[in-house]
Amino acid sequence: NNLGNLILTFISKEAFVHSEHLQYQIYQKLCELEEKLKPYGFVRINKSTLVNIHKIESIIPEVQRRYILTLKSQKKLLLTRYYVKDFMETLRRDTL
């Protein structure tokens with residue numbers, strides 16, 4: 001399925017789905033999408049972004065318990081400290 005190639009971002013009350021070449025606006029709440037997409041490997045990495053954990057190529061530590069995630073597409077995203085614990089738990093569970 002093509003869900004793995006998507007990144008979901010939320011700006012204000014608007015939600016966007018980004019694929020490799022296109023961007024779509026969607027009309028659902030972040031928390032709703034987060035629950036719906038969990039079974040497909042999506043995890044929240046900051047207050048406005050969901051990403052597929054299987055599309056992450058590298059995780060680089062930053063200051064203050066933050067991380068820079070590099071996706072297989074070479075796009076870089078910020079994992080903020082508030083979401084690190086859930087992210088790491090999902091990473092362990094979904095990659096073992």
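A salt bridge is a side-chain nitrogen of Lys or Arg within 4 Å of a carboxyl oxygen of Asp or Glu. The model is predicted, so local features need pLDDT of at least 70 and side-chain atom pairs count only at pLDDT 80 or more, while totals for chains, interfaces and linings use all residues. Residues are numbered from 1 along each chain as its sequence is written, and side-chain values use heavy atoms, with hydrogens and water left out.

**First stop: the salt bridges**

Select Arg44 and Glu34, whose side chains form a salt bridge with an N to O distance of 3.4 Å. This pair links distant parts of the chain, ten residues apart: Arg44 belongs to strand E4 (residues 42–46) and Glu34 to helix H1 (residues 30–37). Helices (H or I, at least four residues) and strands (E, at least two) are DSSP runs, numbered from the N terminus. Are Arg44 and Glu34 buried or exposed? Both are buried (under 20% relative accessible area, with exposed over 50% and partly exposed in between; 1.4 Å probe, protein chains only).

Next, select Lys38 and Glu35, which form a salt bridge with their closest N and O atoms 3.2 Å apart. Lys38 is partly exposed, at a relative accessible area of 42%.

**Second stop: the sheet**

Display strands E6, E7 and E8, which form an open three-stranded sheet in the order E6-E7-E8 with antiparallel pairing. Strands E6 (56–61) and E8 (76–79) stand at the edges with a single partner strand each, so one side of each lacks a neighbour in the sheet. From one strand to the next, the twist averages 25° (axes are lines fitted to C-alpha atoms, for helices over the stretch in contact, and angles run from 0 to 180 degrees between N-to-C directions).

Now focus on strand E7 (residues 67–71), which is joined to E8 by four bridges and runs antiparallel to E8. Two strands pair if DSSP finds at least two bridges between them. Select Tyr67 and find Leu79 of E8 opposite Tyr67.
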